[in-house]
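Trainee: I'd like to learn how to read a protein model. Could you walk me through one?

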Amino acid sequence: MKEINIRTNSQTEMIDITDLVQAVISEKKIKSGICVVFTPHTTAAVTINENADPDVPHDIINALEKTLPRSIQYRHSEGNSPAHVKSSLVGVSELVLVENGRLVLGTWQAIFFCEFDGPRQRKVMVKFLPDV
Ligand code: ZN
């Protein structure tokens with residue numbers, strides 16, 4: 001397993017980590033299998049979506065913000081309940097196929113780390129399950 005450290009810069013943002021994950025695959029000379037990308041945080045997430053148009057991650061963040069307004073009566077005393085709910089909705093992991101040493105992603109797809117309660121120092125774990 002490889003740990004990737006990420007420093008986020010905003011309260012909410014989506015950071016393209018595709019190249020960082022690919023670097024783990026390339027470094028280990030992995031050829032074929034499944035890559036697990038997991039973040040061990042309760043107010044962050046990992047997702048796959050379009051990176052070609054920066055309006056797409058902007059719209060995702062905006063839609064989540066509108067769906068989960070701070071005006072909802074939350075009980076959690078830390079004050080970051082919308083971030084916890086966003087983490088559960090988006091999810092903390094993704095599986096990506098690996099073939100010929102490359103992540104198998106669609107033309108417009110990228111792996112994003114999603115920060116919902118930053119800025120913070122964050123971690124993403126990458127684990128590879130080779131073909132048997
Ligand atoms: Zn909290």
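This is a predicted model: local features need pLDDT of at least 70, side-chain atom pairs count only at pLDDT 80 or more; totals for chains, interfaces and linings use all residues.

Trainee: Where does Thr 12 sit, and which residues is Thr 12 in contact with?

Mentor: Thr 12 lies in the loop between β1 (2-7) and β2 (13-16). Setting aside neighbours within four places in sequence, Thr 12 is in contact with Ile 61, Glu 65, Glu 115 and Phe 116.

Trainee: Okay, on to sheets. How do strands hold together?

Mentor: In general, the strands of a sheet pair through backbone hydrogen bonds, and they can be parallel or antiparallel. Here, three strands make an open sheet in the order β2-β7-β4, with antiparallel pairing. β2 and β4 (44-50) are at the edges with a single partner strand each, so one side of each has no neighbour in the sheet. From one strand to the next, the twist averages 35 degrees.

Trainee: How many bridges join β4 to β7?

Mentor: Seven bridges join β4 to strand β7 (residues 109-115). For a spot to look at, find Thr 47, which stands opposite Phe 112 in β7.

Trainee: And how do I read a helix?

Mentor: An α-helix has 3.6 residues a turn, so residues three or four places apart point the same way. Now try helix α3 (residues 81-90): Ser 81, Pro 82, Ala 83, Lys 86 and Ser 87 are buried there. The cover over the buried residues of α3 includes β4 and α2 (55-67). Just after α3, Gly 91 has a positive phi of about 100 degrees.

Trainee: What about charged side chains? How many salt bridges are there?

Mentor: The count comes to four salt bridges. One of them joins Glu 27 and Lys 2, at 3.6 Å from N to O. That pair links distant parts of the chain, with Glu 27 in helix α1 (residues 18-27) and Lys 2 in strand β1, 25 residues apart.

Trainee: Are Arg 122 and Glu 115 buried or exposed?

Mentor: Both are buried, and Arg 122 forms a salt bridge with Glu 115, their closest N and O atoms being 2.7 Å apart. Glu 115 is also among the contacts of Thr 12.

Trainee: Which residues form a nonpolar patch on the surface?

Mentor: Look for Ile 34, Leu 95, Leu 97, Val 104 and Leu 129, with about 440 Å² of accessible area together. Leu 97 belongs to strand β5 (residues 93-99).

Conventions:
Residues are numbered from 1 along each chain as its sequence is written. Side-chain values use heavy atoms; hydrogens and water are left out. Patches are made of residues with over 30% relative accessible area and no salt bridge: like charges are joined within 9 Å, nonpolar side chains (Val, Leu, Ile, Met, Phe, Trp, Tyr) within 5 Å. Accessible areas come from the Shrake-Rupley method with a 1.4 Å probe; for residues, only the protein chains shown count as cover. Helices (H or I, at least four residues) and strands (E, at least two) are DSSP runs, numbered from the N terminus. Contact means heavy atoms within 4.5 Å. Two strands pair if DSSP finds at least two bridges between them. Axes are lines fitted to C-alpha atoms, for helices over the stretch in contact, and angles run from 0 to 180 degrees between N-to-C directions. Buried means under 20% relative accessible area, exposed over 50%, partly exposed in between (1.4 Å probe, protein chains only).
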